[in-house]
Amino acid sequence: MSASAAESLAHDAAPSVPRFPLDQWYVAALGWELKDQPLGRTLLNKPVVLFRTADGQVAALEDRCCHRALPLSNGTLEERGVRCGYHGLLFSADGKCLEIPGQDKLPSKAKVPAYHVREQDRIVWIWFGSEAHPQPTCEPPVYDVHSSGKYLFDGDVYHYDAPYQLIHDNLMDLSHLGYVHLHTIGGNASIHMNAQMKVEEIGDVVRVVRHMPDSVPPPTYTAAYPFKGNVDRWQEIEFHVSHLRIWTGAVDASTDAVDDPERGGFHMRGFHGVTPETDTTSHYFWTMATNPKSDPEAVKAKVIEQTILTFDEDKVVVEAQYRNMCRFEGRPLLDIHVDAGANRARRIIEQLRNSTR
Amino acid sequence: MSASAAESLAHDAAPSVPRFPLDQWYVAALGWELKDQPLGRTLLNKPVVLFRTADGQVAALEDRCCHRALPLSNGTLEERGVRCGYHGLLFSADGKCLEIPGQDKLPSKAKVPAYHVREQDRIVWIWFGSEAHPQPTCEPPVYDVHSSGKYLFDGDVYHYDAPYQLIHDNLMDLSHLGYVHLHTIGGNASIHMNAQMKVEEIGDVVRVVRHMPDSVPPPTYTAAYPFKGNVDRWQEIEFHVSHLRIWTGAVDASTDAVDDPERGGFHMRGFHGVTPETDTTSHYFWTMATNPKSDPEAVKAKVIEQTILTFDEDKVVVEAQYRNMCRFEGRPLLDIHVDAGANRARRIIEQLRNSTR
Amino acid sequence: MSASAAESLAHDAAPSVPRFPLDQWYVAALGWELKDQPLGRTLLNKPVVLFRTADGQVAALEDRCCHRALPLSNGTLEERGVRCGYHGLLFSADGKCLEIPGQDKLPSKAKVPAYHVREQDRIVWIWFGSEAHPQPTCEPPVYDVHSSGKYLFDGDVYHYDAPYQLIHDNLMDLSHLGYVHLHTIGGNASIHMNAQMKVEEIGDVVRVVRHMPDSVPPPTYTAAYPFKGNVDRWQEIEFHVSHLRIWTGAVDASTDAVDDPERGGFHMRGFHGVTPETDTTSHYFWTMATNPKSDPEAVKAKVIEQTILTFDEDKVVVEAQYRNMCRFEGRPLLDIHVDAGANRARRIIEQLRNSTR
C-alpha cells in the first residue's frame with residue numbers, strides 16, 4: 001500500500017508547485033461545440049473564449065476585452081474575428097484589435113492574449129505551457145476512433161465540482177462498477193472486484209488491463225451484439241496525463257485472443273478528457289464509440305443512454321467524495337488493492353507538476 | 001435587565017471554550033427516521049451516519065469511509081452493517097471494517113469512529129462528550145409522552161440557518177405568540193404579554209409557567225375539545241440543555257387545579273430537541289402530542305397542521321433575526337421583561353460550556 | 001486617454017477613503033413603493049427600513065429592533081409607527097420606542113437610529129452624510145418631469161450585482177446602444193459611434209450631448225409620433241453624483257432647434273437613480289417619461305416595454321463585466337474615445353470621496 005500516494009491525495013504539495021502539469025495538451029472543447037457563437041470556458045484557472053474562424057480554424061483568446069473587461073464570450077462572431085458585446089471592439093484569432101468603433105487610431109495596447117489551440121480528430125486541444133515551454137513541444141494526441149469510420153460515437157461535457165485527480169481515480173479503477181453502477185451496467189460486484197488486474201507504466205502512460213474470461217455478458221452487450229453465450233471480456237484503461245482511453249468489449253468465449261488489437265467482437269471505446277477548470281473543479285469531456293452488428297443508430301443510442309446514466313452516477317459519487325474530503329480536510333486516506341493504477345497515475349502527475357514548477 | 005446575558009447573545013466567549021456543552025445527550029434523530037437507508041447528518045460539527053442494524057438497534061459512525069472518504073450515508077444497509085457506495089467496504093455498527101472487496105487482508109487502520117447512541121421513547125440520542133467524559137455519565141432523557149399510550153403524536157425535523165440558542169430564546173418566551181403567530185394560533189397579544197409569568201431554576205433546568213385563567217379558548221382548543229365556555233389555560237415550559245418541553249392546555253374555568261400534574265382537560269404536549277448542526281446552524285426536532293376527546297385522528301391532524309404553520313413562522317423570524325445579527329455583528333442587544341427565562345437558560349449553557357472546556 | 005481614470009476603475013483608493021461620496025442625497029425608493037408595508041433595503045452598506053407614516057410622510061430607521069435584532073421590515077405598520085414582528089416593540093418615525101408590550105418602563109436605550117429622508121417629485125431621497133455633515137447641506141434634487149403633468153411615466157427598481165460606478169459608465173456612454181441593444185432599440189452602430197459628442201463639466205455635473213441630424217427615426221419613435229421622414233435626434237446625458245438624467249428625442253429634420261429647451265417633437269426622458277447597496281452591489285431606480293401624440297396609454301406602455309428590454313440587456317452586460325473584472329482583479333483597463341464622459345464622472349466621484357473621508 002502506498003502511503004505517499006494517499007498522502008498526496010489528502011494533502012497537497014507546496015504552493016509554489018503548479019496544481020496541474022502545464023506542458024500538456026488539454027481538451028478545451030469537443031469540436032462540435034464550436035459553431036456560430038463564441039464559447040467561454042475556464043481552463044486551468046484561465047478564462048478563455050473559444051471560437052471557430054470563418055475558415056473553420058479554432059481559436060482561443062483570453063476571455064476579456066482589454067477595454068472594459070467584458071468577457072468576449074458575451075460578444076458575437078464575425079468574418080474577421082470576435083466582436084465585444086459592449087462597445088464593439090473587434091479582435092482577430094491572434095488577439096489583435098482590428099477595430100475600435102468611433103476611433104481611428106488603434107493603440108498598441110489594444111490586444112488580448114491568444115492561446116495555442118488545435119483541433120485533432122474532432123477534439124479541440126489547448127496548450128498553456130510552463131514558463132520554459134510557452135510553445136507546444138509536441139503535437140496534440142491522435143484519437144482515430146473518431147476518424148476511422150469504424151465506429152459510431154457521441155459525447156458530451158460534464159462539469160464536476162471536484163478536482164481533476166478524483167476523476168482520474170474514478171476512471172482508473174473499474175472495481176467500483178459493482179457498487180456505484182448497481183442500477184445500470186453493474187451488478188455482479190465480485191466478478192469486477194476479483195478480476196485479475198495487470199498494471200503497467202510506459203513513460204507517462206499507465207495501462208490497466210483486466211480480463212473476465214468466460215463470463216455472462218451484461219445486458220448492454222447482449223442487446224448490441226449477437227453473442228452465443230458466455231463471453232471473454234476485457235477492460236483496457238490507458239491513462240494519459242490529460243485524458244484516458246477506456247476500451248472495453250467481448251468476444252464469444254474462446255473464439256479470439258482478447259489481447260489481440262485486431263480482435264473482433266463487440267467494442268465500447270470511451271474517450272475521457274479530464275481538464276482542470278480551477279484547483280477544485282473540472283471539465284469532463286467524454287465520447288463513447290461502438291460498433292453495432294445491426295440496427296446501428298438504435299444500438300448507439302442505447303449505448304449512449306447507458307453511458308450517460310453511468311457517468312451521472314460517477315459524478316454524484318465523486319462530488320460527494322470531494323465535499324466530504326473538504327469537511328474532513330487533512331485526514332489521511334487508506335489505500336487498498338484496487339488503487340494500484342490510480343496511485344501510479346498520481347505519481348506521474350506529481351512528478352510532472354514538480355518538473356514544471 | 002441582564003447586561004451580561006445580552007452580551008453573551010451578541011458576542012461570544014473565548015474561542016477555546018466549546019460552542020456547545022459537550023457532556024449531554026443530544027437528539028440525533030426521531031426514531032422513525034431510521035429505516036432501510038443510512039442517514040447522514042452533521043451534529044455538533046461532526047458529520048455522522050445514523051442507521052438501524054438488522055436487530056433494530058441504532059448505530060452512529062463517522063460519516064466517512066476510511067478508504068476514499070465517500071460519506072457512508074451514500075452507501076447501503078446490509079445484515080452486518082453499512083456498505084460504502086464507492087468500492088464496497090463494509091463496516092459494522094461499532095465501526096470495524098468487515099470486508100474490503102477484492103482484498104483478503106483487512107489492515108488494522110480499516111475502521112471508522114463510532115459514537116454512543118441510544119433510542120429512548122422513540123427519540124434517538126447521541127453523546128459526544130468532552131475529553132473528560134467520552135463515556136456517557138447518565139442515561140438519555142425519558143419522555144414517556146411518546147410511550148404512555150395516552151397521547152396521539154407526530155413530529156418532524158426542521159433545519160435552521162441560525163445558532164441553537166436563538167431557538168431556545170424563541171421557545172422560552174411565548175410572549176411572541178401575539179406578534180409572530182398573528183395568523184395562526186396568536187391574536188390577542190395583550191393576554192400573552194400580560195400573563196403572570198413564574199420562572200424557576202432547578203439545577204440545569206429552567207421552568208417558566210404562565211397561567212391565563214378564565215380566558216377565551218383559542219380556535220384549536222375549541223375544535224379539539226368540548227369546552228363549555230371560558231377556560232383556565234396553562235403554558236409550562238421546561239428548558240433542558242438539549243431539549244425543551246412545552247406543555248400547554250386548558251380546563252373549563254374553575255373546574256380543576258391547573259397546577260395539578262393529574263389535571264384533566266385538553267393537552268398539547270410539545271417536545272423540542274434543539275441540536276447544533278454547526279456553530280451557526282441547527283436541527284430542530286419536534287413532536288406534538290394531544291388527547292382529543294373525540295374524532296382523534298382528525299383532531300390530531302388539525303393540531304399537527306396548526307403546529308407546522310406555527311413552527312414555520314418561528315423559523316422565518318429566527319432566521320431573519322440571525323441574518324440581521326450577522327449584518328450588525330457585535331452590536332449590543334437590549335433585554336426586556338420577557339427575556340427572563342431565556343436569559344437563565346443562556347447562563348446555564350454558558351456555565352456548562354466553560355466547565356467542559 | 002486617461003490612464004488615471006482607468007486605474008481608478010480597476011484598482012481602488014486607500015481603504016480609509018469612503019467608497020461613496022457621503023454628503024449627497026441618494027435615491028432610497030420610488031414614492032409608490034411605500035404603501036402599507038415597511039420596506040427593508042440596504043443603502044450605502046446600511047440596512048434601512050423605509051415606511052410611510054399615517055400622515056403620508058416618509059420615514060427611515062435602522063432596520064434592526066434594539067431588543068433582539070429582528071429587522072423592523074419584518075414588522076407591521078401602525079398609526080403611530082412600525083411594530084416589530086417578534087415581541088411587538090413599537091417605534092415612531094424618529095426611532096423612539098413608544099411601547100414595549102408587557103413592560104411599563106421604557107428604558108432610555110430603547111430606540112433605533114433614524115435617517116434623513118424626503119420625498120420630492122415622487123422620489124424618496126435619503127441623506128447619510130459624512131461626519132462633518134450629518135445634517136443635509138442642501139435640498140434633495142427637483143425632478144419636475146414627474147410633477148409637471150406634461151409626461152406620462154412609469155419606473156422600477158433593479159438590483160445590480162455590480163458596483164455603482166459601472167452603471168454610471170454604462171449610462172454615460174450611449175455608444176454601446178449599437179452593440180448591447182442590438183435586438184431592441186439599437187441597430188445602426190456606426191451612427192451611434194460616430195455621432196459628434198460634446199462633453200462639458202459644470203461643478204459636480206457632467207453633460208454629454210450628442211446630436212444625430214437628419215437620421216432615420218428608430219421604430220419606437222415612429223410608433224409613438226407621426227414623424228414625416230428623417231429626424232434630427234438628440235441625446236442629452238446629465239450626470240449628477242447620485243443620479244443621471246438621460247433625455248432623448250427627435251423633431252422632424254430641420255424643423256426646430258434641437259438645443260432649444262422648449263423644442264417640440266417626441267421626448268423620452270429617463271431618470272436614473274444609482275444608489276450603492278454595498279461596495280459591490282447597487283440599486284438602480286429608473287423612470288421613463290414620454291409625451292405621446294395620440295393613444296397615450298398604449299404608446300407609454302410600448303415605451304416602457306422597450307425600456308425594460310433595454311435595461312435588462314444593460315444589466316446582463318454590466319454584471320458580466322463586473323464578474324470578469326473580479327476574475328481578472330487588478331488588471332489594467334484601456335481607455336478609448338467613448339469613455340470621455342464616464343471618466344469625468346469618475347474623477348468627480350474620486351474628488352468627493354477624498355473630500356469626505
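A charge is said to sit over a ring if NZ of Lys or CZ of Arg is within 6 Å of the ring centre and within 35 degrees of the ring normal. In this predicted model, the charged end of Arg269(A) sits over the ring of Trp247(A), at 3.7 Å from the centre of that ring. Lys315(A) likewise lies over the face of Tyr160(A), 5.6 Å from the ring centre. Tyr160(A) also belongs to an aromatic cluster, which it forms with Tyr158(A), Tyr284(A), Trp286(A) and Phe311(A).

Rings may also be considered in pairs. A pair of aromatic rings is described by the distance of the centres and the angle of the planes. Over all chains, a search of the whole structure finds 45 aromatic pairs. One of them joins Trp125(B) and Phe271(B): the ring centres are 6.2 Å apart and the planes stand at 85°, so the pair is edge-to-face. Because Trp125(B) lies in strand 10 (residues 123-127) of chain B and Phe271(B) in strand 16 (residues 266-276) of chain B, the pair ties together parts that are 146 residues apart in sequence. Both Trp125(B) and Phe271(B) are buried.

Another edge-to-face pair is formed by Trp286(B) and Phe311(B), with 5.2 Å from centre to centre and 85° between the planes. Here a strand meets a helix: Trp286(B) is in strand 17 (residues 282-290) of chain B and Phe311(B) in helix 6 (residues 296-327) of chain B, so this pair links parts 25 residues apart in sequence. Buried means under 20% relative accessible area. Trp286(B), at 1%, is therefore buried, and Phe311(B), at 7%, is buried as well.

Note on methods:
Residues numbered from 1 in each chain as written. Chains lettered and ligands numbered in written order. Predicted model: local features only at pLDDT ≥ 70, side-chain atom pairs only at ≥ 80, totals over all residues. Heavy atoms only, no water. Phe/Tyr/Trp six-rings, centres within 6.5 Å; stacked < 30°, edge-to-face > 60°. Helix = DSSP H or I, 4+ residues; strand = E, 2+ residues; numbered from the N terminus. Buried < 20%, exposed > 50% of the residue type's maximum accessible area, 1.4 Å probe, protein only.
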